[in-house]
Amino acid sequence: MVALYSSALDGVAANPALPTPLLLRLIAFDGGGHGPPFQALHRLGLPEPAVAAVLTHPVLNVRVQFAMSGQAEPEQRARLADDPSPKVRAAVANGPEWTHDPRTKVRPLPDAVCGRLLNDPEPSVRSALLYSPHLAPSFLASLVRHPEPAARRAALRVWDELTADGRAALLDDPDPEVRRSAALCACPHDARLTAALLRDPAALPEALSRGLLDRADAERFLAEGVHRVELAGNPSLPADLVDRLAVDPDDGVRLAVSLRPELTEARRAAIDFTVAPRARGDVDWVAAGIADQEVLRRAATSAHPLLRRAAARSPHLSPDLLRLLAEDADVVVRTHLAVYHPDTPEEVLMSVYAQLGGTGFVHVQQQRLFTGCSSSW
């Protein structure tokens with residue numbers, strides 16, 4: 001009976017016309033020990049009396065849920081940064097895990113609040129902050145000379161926005177892991193750094209896949225026959241070596257070549273590659289352009305199934321590309337749309353339901369709620 005009431009009250013709580021007095025009653029609702037309806041804590045534009053009630057709510061999970069709400073303003077969530085519970089403070093530090101529309105970007109906490117959380121006595125809170133996907137570039141850049149190596153590693157996430165002095169400091173960092181990570185950030189434009197990384201077994205695969213390669217090194221690794229898949233995806237690989245790898249005896253190598261961004265559709269079609277039936281479509285240059293309409297158009301209109309699958313994972317598809325992929329014969333493309341795009345046509349959702357069955361479709365619908373969604377598809 002409680003579950004039935006909870007479901008009904010969730011619907012009431014989601015009503016945008018809900019009067020504040022009734023909202024306050026829902027926030028105070030015990031729910032058989034489960035607390036208020038979920039939607040009461042994740043409404044857009046909660047009035048101040050409701051925010052105040054949540055911030056002082058005696059049920060710990062209520063404060064945790066509000067700290068993770070993608071609908072709450074960062075200034076509201078920041079008011080929980082001094083909560084007595086480290087679980088609440090860690091939730092504030094990590095930030096929202098989902099929004100109603102994955103196309104919206106979560107506004108970060110103020111830098112000053114992040115600074116307080118980074119100095120929190122609880123390691124879990126500090127760790128949650130440094131792994132948060134919602135930190136402002138200005139805050140991350142300020143960590144270049146932080147005494148903790150984990151904080152300096154976080155600064156690498158905004159490598160291209162750092163000053164020359166900041167990048168130099170990280171390349172000369174006293175911590176070897178920070179130095180290695182900084183060099184991997186810089187190597188796509190630095191052949192000297194790439195050559196040094198190729199001598200480091202821990203950095204070799206990534207350096208080979210993205211570093212600025214000297215031709216002699218590229219030929220050496222090609223001749224040795226090691227890490228050819230990584231080599232096949234390197235943007236700086238000379239065209240004649242790309243051609244050689246396009247006919248490599250290893251199907252994985254040929255597949256990696258077929259995904260290179262500079263290839264024409266005709267050149268892609270000329271490569272003999274195989275795509276696994278359930279392969280997700282992890283294509284770096286498409287993921288990097290997840291909101292770039294030109295990149296999405298190239299991928300969505302390609303004959304290569306992995307490129308279309310990669311495009312279908314974007315919530316930023318234009319209406320015409322959404323319609324195009326909704327009619328795709330590839331079941332993984334349509335399933336990605338059902339998971340990632342909030343405007344997926346009803347007929348696609350129904351077809352995914354028919355193919356996956358009820359249990360699988362519930363999983364898809366759950367994934368549609370989360371911005372960082374990840375599934376076996």
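This is a predicted model: local features need pLDDT of at least 70, side-chain atom pairs count only at pLDDT 80 or more; totals for chains, interfaces and linings use all residues.
Local features require pLDDT of at least 70 and side-chain atom pairs count only at pLDDT 80 or more, whereas totals for chains, interfaces and linings use all residues. Residues are numbered from 1 along each chain as its sequence is written, and side-chain values use heavy atoms, with hydrogens and water left out.

Cavities were defined on a 1 Å grid over the protein atoms alone, as sets of points where a 1.4 Å probe fits but cannot get out; points are joined across faces, edges and corners, and a volume is the space filled by probe spheres set on them. One cavity of 30 Å³ or more was found, and the largest cavity has a volume of about 40 Å³. Its lining (residues with an atom within 4 Å of a point) comprises R77, V92, A93, G95, P96, P108, L109, C114, S132, H134 and L135. Seven of these residues are nonpolar, three polar and one charged, with Gly counted as polar and Cys and Pro as nonpolar.

Helices are DSSP runs (H or I, at least four residues) numbered from the N terminus. In α2 (residues 20-27), L23, L26 and I27 are buried (under 20% relative accessible area, 1.4 Å probe, protein chains only). These residues cover an arc of only 100° around the axis, which puts them on the same side of α2; the arc is that of the directions from the helix axis to the C-beta atoms. P21 and R25, on the other side of α2, are exposed (over 50%).

Q71 lies in the loop between α5 (60-67) and α6 (74-77) and is buried, with a relative accessible area of 11%. Not counting residues up to four places away in sequence, Q71 touches H42, R43, L44, G45, T99 and H100 (heavy atoms within 4.5 Å).

Key: On a 1 Å grid over the protein atoms alone, a cavity is a set of points where a 1.4 Å probe fits but cannot get out, and a pocket is an open set with protein on both sides within 12 Å along at least five of seven lines; lining residues have an atom within 4 Å of a point. Helices (H or I, at least four residues) and strands (E, at least two) are DSSP runs, numbered from the N terminus.
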